[in-house]
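Hi everyone, thanks for coming. Let me put the structure up on the screen, and then I'll walk you through how its pieces are arranged.

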Amino acid sequence: MNIIFLGPPGAGKGTQAQRICAALNIPQISTGDILRRAMKEQTPTGLKAKSFIDAGQLVPDDVIIDIVKERLAQDDCQKGYILDGFPRTVPQAEALEGIATIDAVIELDVADQVLIDRLSGRRVCLKCGATYHVNHLNGETKCAACGEELVQRNDDKAETVLNRLTVYHAQTAPLVDFYQKKGLLKVVDGAQDMETIFQSIMDILKG
């Protein structure tokens, strides 16, 4: 089964994608990951992408599509996959139709204010990678796992989160309409607890 995950930053796409992939024994494909791998392995497409990044430019859609196409042709994708973070725009979605058949599009729907509270309250340990939320720290400022100081990443600051959400609504939200018209879109309430969201997604995929 070939699945696309949609949703704003902080909606929990990555977490749910990992669980669904484990349950279905299919790979999770993040464009960021495959872009980095293609550049590291110095594939022709990877080198082309690197030339844009080195020049401080966004990697064009045609190069991204070629990298996705290369990845989807690999053996572990033959039973299905989850695309996480791609497509980001309607033109990318239209191009994807030329190289893949999508069976379901899952949108994790979460209100902006919930996301701002969720992300701006996040604190991370730079040493071991543990993640916490200020609501559950009771004023504690050190990592429970290794004792290092917890920090707020720049990406998680309220003004940055708001900017990321603005970009998401402008560029990616039109995909919701695109896939709705094709009858592929299934919406899941992403404000629920993780287990309920996981079961909701599994029910949709089994249905």
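Predicted model: local features only at pLDDT ≥ 70, side-chain atom pairs only at ≥ 80, totals over all residues.

Residues are numbered from 1 along each chain as its sequence is written, and side-chain values use heavy atoms, with hydrogens and water left out.

A word on names: helices (H or I, at least four residues) and strands (E, at least two) are DSSP runs, numbered from the N terminus. Two strands count as paired if DSSP finds at least two bridges between them.

Back to our pair. Strand E5, residues 122–125, is joined to E7 by 2 bridges in the antiparallel sense. Together with E6 they form an open sheet of 3 strands, in the order E6-E5-E7, with antiparallel pairing. E6 (131–133) and E7 (150–151) are the edge strands, each pairing on one side only.

Now to the other sheet. Here we have an open sheet of 5 strands with parallel pairing, ordered E2-E3-E1-E4-E8. At its edges stand E2 (28–30) and E8 (185–189), each with a single partner strand, so one side of each is left without a neighbour in the sheet. Strand E4 (residues 104–109) pairs with E8 in the parallel sense over 5 bridges, and Val105 has Leu185 in E8 as its bridge partner.

What packs on this sheet? Helix H1 does, touching E1 (2–6), E2, E3 (81–84) and E4. Contact here means heavy atoms within 4.5 Å. The direction of H1 makes about 165° with that of E1; axes are lines fitted to C-alpha atoms, for helices over the stretch in contact, and angles run from 0 to 180 degrees between N-to-C directions.

H1 (residues 13–24) also meets helix H9 (residues 194–206): their axes come within 10 Å and cross at roughly 50°. That makes H1 oblique to H9, because angles under 35 degrees count as roughly parallel, over 145 as roughly antiparallel, 65 to 115 as roughly perpendicular and the rest as oblique. Among the residues making the contact are Ile20 and Leu24 of H1, and Phe198 and Ile201 of H9.

That's my tour, and I'm happy to take questions!
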